[in-house]
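The sequence and model come first.

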Amino acid sequence: MSFVITGSLTHFENRNAMKEEIERRGGKVTGSVTGKTACLINNDTASQSSKNKKAKELGVKILSEEDFMEKYLK
């Protein structure tokens, strides 16, 4: 599964730490949202950022860090 991380995080030291955890579990982290992206991780799910807009346009789920952890890291 492919994920995109944007914005600030609270449970991980930085984006790289979250990326390492995702990759350790067999996932992939990319820099841009595409139709193959499983979800966009963004604590500001209502943001009008270009990544949020692209995710909405492509029907990609936007999850907060906590929702992502609950769904994919348990």
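## A salt bridge within a helix

Glu-23 and Lys-19 form a salt bridge, their closest N and O atoms being 3.9 Å apart. A salt bridge here is a side-chain nitrogen of Lys or Arg within 4 Å of a carboxyl oxygen of Asp or Glu. The two residues are 4 residues apart in helix H1, so about one helical turn separates them. Helices (H or I, at least four residues) and strands (E, at least two) are DSSP runs, numbered from the N terminus.

Glu-23 is partly exposed at 38% relative accessibility, and Lys-19 is partly exposed at 29%. Buried means under 20% relative accessible area, exposed over 50%, and partly exposed in between (1.4 Å probe, protein chains only).

## Basis of the values

This is a predicted model, in which local features need pLDDT of at least 70 and side-chain atom pairs count only at pLDDT 80 or more, while totals for chains, interfaces and linings use all residues. Residues are numbered from 1 along each chain as its sequence is written, and side-chain values use heavy atoms, with hydrogens and water left out.

## Other salt bridges

The structure holds 5 salt bridges. In one of them, Glu-21 pairs with Arg-25, the closest N and O atoms being 2.6 Å apart. Glu-21 counts as buried at 17% relative accessibility, whereas Arg-25 is partly exposed at 42%. Salt bridges that share partners join Glu-21, Arg-24 and Arg-25 into one network.

Glu-70 and Lys-74 also meet through their side chains in a salt bridge (3.6 Å, N to O). Both Glu-70 and Lys-74 are exposed.

## The chain as a whole

The protein chain has 3 helices and 4 strands, in the order β-α-β-β-α-β-α along the sequence. Its C-alpha atoms fill a box of roughly 30 × 25 × 20 Å along the principal axes. Buried residues make up 38% of the 74 residues.

Of the contacts (heavy atoms within 4.5 Å) with a separation of 6 or more, 52% are between residues 24 or more positions apart.

## Arg-15 and its surroundings

Arg-15 is found in helix H1, which covers residues 15-24. With a relative accessible area of 41%, Arg-15 is partly exposed. Not counting residues up to four places away in sequence, Arg-15 touches Ile-5, Thr-6, Gly-7 and Leu-9. Arg-15 and Val-4 are 11 residues apart in sequence and 9.9 Å apart in space, C-alpha to C-alpha.
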